[in-house]
Amino acid sequence: MDFIDSPTEAAFRTEIKDWLNENLKGDFAELGGRGGPADEHGWDIRIEWEKLLGKDRWLGLTWPVEYGGRNASFSEQIIFSEEYALANAPARVSFFGEGLFAPTLLAYGTDEQKRRFLPKIQSVEELWCQGYSEPDAGSDLANVKTKGALDGDQWVVNGQKVWTTLAHRAQWCFCITRTDPDSQGHQGLSYLLIPMDQPGVEVRPLVQMTGTAEFNEVFFADARTDATNVLGAVGDGWKVAMATLGFERGTAFLSQQLAFARELEEIIALAQANEVAADPVIRQELADSYVGVQIMKYNGLRMLTSLVKSGVLGPEASIGKLYWSNWHRTLGERAMRVMGSAATLIEPTKGDGPSIGQESGPRAYDLNELQRIFMFSRSETIYAGSSEIQRNIIGERVLGLPREPK
Amino acid sequence: MNFAFTEEQDQLRDAVRRFMETKSDEKEVRRLMETAEGYDPELWAQMANELGLQSLHIPEAYGGQGFTFIELGIVLEEMGRALLCSPYFSTVGLATNAILNAGTEEQKSALLPGIAAGETIAALAFTEPNGRWDASGITMEAKGSGDAVTLDGTKMYVIDGHIANTIVVVARQAGSSGEDGIGFYVVDGDAAGLTRTALTTMDQTRKQAKLEFAGVKATSLGDSDTGWTALSKTLDQAAVCLANEMVGGAQKVLEMSVEYAKVRVQFGRPIGSFQAIKHKCADMLLEVESAKSAAYYAAWAAAEDNDELPVVASLAKAYCSDAYFHATAENIQIHGGIGFTWEHPAHLYFKRAKSSEILLGDATYHRELLAQRIGI
Ligand SMILES: Cc1cc2nc3c(=O)[nH]c(=O)nc-3n(C[C@H](O)[C@H](O)[C@H](O)COP(=O)(O)OP(=O)(O)OC[C@H]3O[C@@H](n4cnc5c(N)ncnc54)[C@H](O)[C@@H]3O)c2cc1C
């Protein structure tokens, strides 16, 4: 056990610290840590910032050097996340591309595919979205019906996806499609890469309870993509799709712990400012949230250490998702208690409220940070495998309990 | 960054687990918990002679092996798993740390080698009939100084106080209050004027005693009036030790639950295939793994003796107390009627979890302490 930087780690820490010092200025610094889930605040600034990160290979940190990355170790990833959070740098926009698609591409893509897609993720010219869920395929993802059929040297895609986050921003979609029309369940699926900017793709925003519209319905009507744009073998899409979910449930969320710790700090500061910090029940709750967020870090570090030792991210990663989503949901509820009556009002908007919710939802329903946590955290126990599904996975794959009879 | 045990540490765990499996099986636990002393002197000697457990984290200068709280945590975890009936926690987790934190060189050289060799059982007499774990709970007054101190009053809830050869007593200078004037005093177990009564404990696997002092002669351990810093540190270290011990029991009851859920059939299927049971087990795993993370990290902080210790000690004690109790409660529920019987071991863990939760302050107490320690 050792939680102190080695000399190489210390040097890496200095490098990122210096870089952030030098680059996090002006608009970027002013934006602070804002933006992110249910907050499209400063989108254009965040894109510009992300490009800077990409230019100096902080985006793509873990990729092999030959694909423009830094081949960073887990310790270095942790250090990067820590320093990034400490500096209060803008929320990232490339989660789907860098966090989910790139690791899947590196694991299953051909050299040609990697050279085609990775540089554009790094230069932030291409953003990605995740086309998994459909109206009849949520938790039961294997029930997808969107069809893909080869027509010469192109796939033709028809069907509907739903809850597709940032589809309205993305240039590409990694999409589970049924390419064998006679197949059922896990068989006959392929992991297609589909360009979003084409006549066969229609994106309709869905307004969330937060008043923002980050997720969408996506309709494919004879949408097309090149025959080569399939990741892994045709018909083998389930395996590839599950790998992506592994990244979603595993390492990708580590840096989140630091953002959560910062949120808790803000809630504690508010409790002190409005004097509820003297209330014994609130003290218990805040201390409990502190315990929870620290253990989230310790759990993450333990998991990563065992990953480094054994090389695979086991189903144990499911504990992390279940853990953080519940912790965050409780934090949101506690934040409302700390806010007290003020929690019941929406502050007059500062003029740059929700970007899309403004058009379709109630006007200027501009949540503050704590209200956003309170509301957005309700989705976190649903997406990326609901808590119920996580408990099934833990019970069956980690503990070896018998499956439910079908 | 590396959050894993070394190969040597894993080997230590294996060795202690094998030892506990043969020397402290359920039958032996039940035999010892029915005795007044609550431990087996022969096993106590074997623990010292064969595995060197009592000397583990005592520095070499005082007859120990100079390992750290990480190794100590591993040993305690395995003892907690086996529900070992032994004065180990009181001797090594409490009294030894008090002596290390408060004693002079001379006193450490005099007191620790006997503990390291397994010849001395030691106890820390801290709590009083008020049952409190904070400084103002200490009301017993010490008169005099150096080796001419007299103690009068009553200590309660003293773990293994009835069998200890050496008792480290916490008392305060006359007229002092709060964290001021607190000191440690050493008394022989058979000192004149000391009446020791073994108490009947709800958790029979860990014994407690009432100690009544009537003009008992004692020696001051280190400086008699700067004791709070040393006591506070001792309690933090003990909380870390106890957190690790609790984790061992929690892991064991999780295994019991999962095993039973796989084999018990109702409605024509194993009960573990019902989500209501499966999800309970999943939640237990989450809490047990999280408790491990907290306990191990706290052991590291104690080993490093760094500034984080007070915060992580309370953090670990709070979380592990709740997680252990919850796991033992769910274990009974998952077992149904059999889990409610005296014959089944579920209640032994349930009771150990409750007594450990309360020992050194419960989760609520430690969350409040934590709130103060992080500046809320
Ligand atoms: C904010 C947000 C963003 C999202 N972004 C994306 C995205 O970018 N791309 C994408 O593809 N999808 C996205 N999703 C969709 C998400 O993955 C699905 O909502 C999720 O898989 C659940 O599916 P569902 O909504 O159909 O609910 P259902 O599967 O119908 O579940 C309803 C309830 O039933 C429970 N349930 C279902 N099956 C079981 C079972 N076997 N045992 C016990 N309980 C069960 C669930 O836990 C849940 O409580 C997003 C969702 C949200 C909320």
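## A two-chain predicted model and its ligand site

In chain B, helix α2 (residues 26-33) has these buried residues: B:Glu28, B:Val29, B:Arg30, B:Leu32 and B:Met33. Buried means under 20% relative accessible area, exposed means over 50%, and partly exposed lies in between (1.4 Å probe, protein chains only). Helices (H or I, at least four residues) and strands (E, at least two) are DSSP runs, numbered from the N terminus.

This is a predicted model: local features need pLDDT of at least 70, side-chain atom pairs count only at pLDDT 80 or more, and totals for chains, interfaces and linings use all residues. Residues are numbered from 1 along each chain as its sequence is written, chains are lettered from A and ligands numbered from 1 in the order in which they are written, and side-chain values use heavy atoms, with hydrogens and water left out.

**Helices of chain B**

What covers the buried residues of α2(B)? The cover includes α1 (7-23), α4 and α10 (346-358) of chain B. Contact here means heavy atoms within 4.5 Å.

Helix α11 (residues 363-373) of chain B also has buried residues: B:Ala363, B:His366, B:Arg367, B:Leu369, B:Leu370 and B:Ala371. An α-helix has 3.6 residues a turn, so residues three or four places apart point the same way. The buried residues of α11(B) pack against α9 (280-310) of chain A together with α9 (309-335) of chain B.

Now look at the ends of this helix. At the start of α11(B), a side-chain oxygen of B:Asp362 reaches to within 3.2 Å of the backbone nitrogen of B:Thr364. Just after α11(B), B:Gly375 has a positive phi of about 85 degrees.

B:Ala45 sits in helix α3 (residues 41-50) of chain B. B:Ala45 counts as partly exposed because its relative accessibility is 30%. B:Ala45 and B:Glu119 are 74 residues apart in sequence, and their C-alpha atoms are 7.5 Å apart in space.

**Buried loop residues**

Loops can hold buried residues too. B:Thr127 is in the loop between β1 (122-125) and β2 (141-143) of chain B. Its relative accessibility is 2%, so B:Thr127 counts as buried. Not counting residues up to four places away in sequence, B:Thr127 touches B:Arg132, B:Trp133, B:Lys155, B:Met156 and B:Tyr157.

A:Val124 lies in the loop between α6 (111-122) and β1 (128-131) of chain A. Its phi is near 60 degrees, a positive value in a residue other than glycine. A:Val124 is buried, because its relative accessibility is 6%.

B:Leu83 lies in the loop between α4 (69-82) and α5 (88-102) of chain B. Phi of B:Leu83 is near 55 degrees, again positive in a residue other than glycine. At a relative accessible area of 2%, B:Leu83 is buried.

A:Asn229 is in the loop between β7 (215-226) and β8 (230-231) of chain A. A:Asn229 counts as buried at 9% relative accessibility. Leaving aside neighbours within four places in sequence, A:Asn229 is in contact with A:Phe117, A:Trp172, A:Tyr191, A:Leu192 and A:Leu193. A polar contact of 3.0 Å joins the side chains of A:Asn229 and A:Thr225. A polar contact is a pair of N or O atoms within 3.5 Å; within protein, one must be able to donate a hydrogen and the other to accept it, and residues adjacent in sequence count only if both atoms are side-chain atoms.

**The ligand site**

How many residues surround the ligand? There are 18, and the closest are A:Ser139, A:Trp163, A:Thr165, A:Ser386 and A:Glu388. A residue counts as near if one of its heavy atoms lies within 4 Å. Residues from chains A and B surround the ligand, so the site is shared between chains.

| Protein atom | Ligand atom and distance |
|---|---|
| Polar backbone atom of A:Ser133 | Oxygen, 2.7 Å |
| Polar side-chain atom of A:Thr165 | Nitrogen, 2.6 Å |
| Polar side-chain atom of A:Ser386 | Oxygen, 2.6 Å |

Taken alone, the ligand exposes 970 Å², and the protein buries 68% of that. These areas come from the Shrake-Rupley method with a 1.4 Å probe; for residues, only the protein chains shown count as cover. The elements that give two or more residues to the shell around the ligand are β3 (154-165) and α13 (387-398) of chain A.

The domain assignment of chain A gives domain 1 (7-93), domain 2 (128-235) and domain 3 (255-398). Such bounds come from an automatic or database domain assignment. The shell draws at least three residues from each of domain 2 and domain 3 of chain A. The C-alpha centres of these two domains lie 29 Å apart.
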